[in-house]
Amino acid sequence: MTTTTWHRSHILSLADFTPAEYNTILQTAASFREVLSRRTKKVPALQGQVVANLFFESSTRTRSSFELAAKRLSADTLNFTPGTSSLTKGETILDTAKTYLAMGADMMVIRHREAGVPQAIALELDRLRSRVGVLNAGDGQHEHPSQALLDLFTICSLLDTDRPRLELLAGKKIAIVGDILHSRVARSNIWSLTASGAEVHLAAPPTLLPKLFAEYSHSSGQPNQKLFIHWQLEPALVNADFVMTLRLQKERMTQHLLPSLREYHRLFGITRDRLRLCQPEVKLLHPGPVNRGVEISSDLMDDPQFSLISQQVTSGVAVRMALLYLMGGGKA
Ligand code: NCD
């Protein structure tokens, strides 16, 4: 592992990430993927450091993958479970964070159902001059940077296993299909994929894809960056190289945005038939958890010819190791 320059003290959003930062993460994750293929899958990079996982909202893969990543780097981990914590006695979220700070946490990984909570904690920790880094593990409908970075790593690794890099995506067509309105995964992916020079095509019923998403793209004015909106599935799929499907986030739907799940599947579900519109080598991604048979047909989800879903989960550990390592000092 080489020493890498990394200047960001928190990872809260991908909105202002530079191509160099994406590439540093991709390269560092590739080194950690190699570590994870060894017999002894552990390095001492974060020995003596404490990583606190503060998940105020449910999670299976993100939480376990951050925990495993920290352990593979030899950090000590603290896991917080809201239901059995002092939150139930009225403690505020900021006071919970300060409690972990007082215990010596060096980094905090934070998920919350409200947008902006990781940012608020990061601001408070900066105000206290703590030098503790905050990683946003998903905040409301805002962003989920580590998910988009693991998606990017999965796609780029498929295109060049040894040297995954942002530039590989230039000119590729990527369709993002599903509940875009409620998806923090879509928002983070739009930043990273448009930064790569890929053509990004969003597809969903109008109730789940407001027009304002057309404005939601990288502001740095890269010439080949393109973002398209479709209220029908087919134009997004035509010649697509990658199709990213998203869960219908029923827990965030406060109104009746869809006639029925069956109707949604009929119009927007990804099936073998519909994949014929895409490039022959098309690959499917889904951040999970999946509603089988709704956003994607069940057999397709398990078909290794098309599905990258388990590779995404595997990539998650290497990418999160890279994020913790870079934020923890980046020195081998
Ligand atoms: C996503 C999330 O929590 O935002 N899942 C994940 O982190 N792997 C997407 C979702 O919940 O649908």
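**A guided look at a predicted model**

Guide: Welcome! A search of the whole structure finds zero disulfides (a disulfide being a pair of cysteine sulfur atoms within 2.5 Å). This is a predicted model, where local features need pLDDT of at least 70, side-chain atom pairs count only at pLDDT 80 or more, and totals for chains, interfaces and linings use all residues. Residues are numbered from 1 along each chain as its sequence is written, and side-chain values use heavy atoms, with hydrogens and water left out.

Visitor: How far from C156 is the nearest cysteine sulfur?

Guide: In general, a disulfide is a covalent bond between the sulfur atoms of two cysteines. Here C156 is in no disulfide, and the nearest cysteine sulfur, that of C278, is 19 Å away. C278 is likewise in no disulfide.

Visitor: Is C156 buried or exposed?

Guide: Buried means under 20% relative accessible area, exposed over 50%, and partly exposed in between, using a 1.4 Å probe and protein chains only. C156 counts as buried because its relative accessibility is 0%. C278 has 7%, so C278 counts as buried too.

Visitor: In which sense do strands β1 and β2 pair?

Guide: Helices (H or I, at least four residues) and strands (E, at least two) are DSSP runs, numbered from the N terminus. Two strands pair if DSSP finds at least two bridges between them. In this model, β1 (residues 50-55) and β2 (residues 76-80) pair in the parallel sense over five bridges. For V50, the bridge partner in β2 is D76.

Visitor: What do β1, helix α2 and β2 make?

Guide: A crossover is right-handed if, with the strands pointing away from the viewer, the path from the first strand over the helix to the second runs clockwise. β1, α2 (residues 61-72) and β2 form a right-handed β-α-β unit.

Visitor: Where is P289 found?

Guide: P289 sits in the loop between β9 (283-285) and α10 (298-301). The peptide bond from G288 to P289 is cis, with omega near -10°.
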